Amino acid sequence: MLLKMAYAQQQLGHYPAALLYLSMAQARQPRVRTWRQLVALATQHRLVGYPATWQQELRVQAQRYFYPGLQALLAGAVLGAMALLWRRSPRGAWVGYAAYVALLGAYLHFLRPTPTGLVARSGAALMDGPGASSAWLSTAAMGDRLPVLGRQDIWYRVQWQQRVAFVRAADLLVVE
């Protein structure tokens, strides 16, 4: 349904709405085809934050299988713990189980999807700090895609050109 809405908005010429629907579809079910559609639309309107590289397509594939992989790893952890407790296993088996749980933690930490924000207002100011008195860095175009690093009061901390910038929460739509 989200892809149909994106197509309809794109046909009407409303590229920000099309980007939003495509981003929501990509967050819900990551697909390389959807990502390529996002890149094509962003390239057409000269937007930033939509890399068209093989590394990004590999990242999309990893995101696609993140939750099924997590479910399998968690099921393995539960079944392993039940087997270890039921059999009263030796310490070596518990060390192996601890290594498995550490692998699970690494999987969660390094492969988790990161939230991204779409600039919702043209001329949104990117600031050096979370305040109106901070230094102005640049202006973002409507539809630019920025990785969200956190939130501070009414400001989102985002990554912009390999550095940290702040944008007002009213100017950013976060897609998780």
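A salt bridge here is a side-chain nitrogen of Lys or Arg within 4 Å of a carboxyl oxygen of Asp or Glu. I kept that rule beside me for these entries.

**Ground rules.** I am working on a predicted model, where local features need pLDDT of at least 70, side-chain atom pairs count only at pLDDT 80 or more, and totals for chains, interfaces and linings use all residues. Residues are numbered from 1 along each chain as its sequence is written, and side-chain values use heavy atoms, with hydrogens and water left out.

**Entry 1: the salt bridges.** I asked how many salt bridges the rule gives. The count is three. A friendly reminder to myself: side chains of opposite charge can pair when their charged atoms come close.

**Entry 2: D128 and R163.** I looked up this pair and found a salt bridge between the two side chains, at 3.6 Å from N to O. D128 sits in the loop between β2 and β3 (136-140) and R163 in strand β6, so the pair ties together parts that are 35 residues apart in sequence. Helices (H or I, at least four residues) and strands (E, at least two) are DSSP runs, numbered from the N terminus. D128 is partly exposed at 40% relative accessible area, and R163 is partly exposed at 39%. For these labels, buried means under 20% relative accessible area, exposed over 50%, and partly exposed in between (1.4 Å probe, protein chains only).

**Entry 3: R121 and D171.** Next I checked R121, whose side chain meets that of D171 in a salt bridge (3.2 Å, N to O). This pair links distant parts of the chain, 50 residues apart: R121 is in the loop between β1 (116-119) and β2 (124-127), and D171 is in the loop between β6 (163-168) and β7 (172-175). Is D171 buried or exposed? D171 is buried because its relative accessible area is 7%, while R121 is partly exposed at 46%.

**Entry 4: E57 and R36.** E57 makes a salt bridge with R36, and the closest N and O atoms are 2.9 Å apart. E57 belongs to helix α4 (residues 54-64) and R36 to helix α3 (residues 32-44), so I noted a link between distant parts of the chain, 21 residues apart. E57 is partly exposed at 23% relative accessible area, and R36 is partly exposed at 48%.

**Entry 5: a nonpolar patch.** Last, I looked at the surface. V78, L79 and M82 form a nonpolar patch there, with about 310 Å² of accessible area together. Patches take residues with over 30% relative accessible area and no salt bridge, joining like charges within 9 Å and nonpolar side chains (Val, Leu, Ile, Met, Phe, Trp, Tyr) within 5 Å. L79 lies in helix α5 (residues 66-87) and counts as exposed because its relative accessibility is 56%.

Technical notes
Accessible areas come from the Shrake-Rupley method with a 1.4 Å probe; for residues, only the protein chains shown count as cover.
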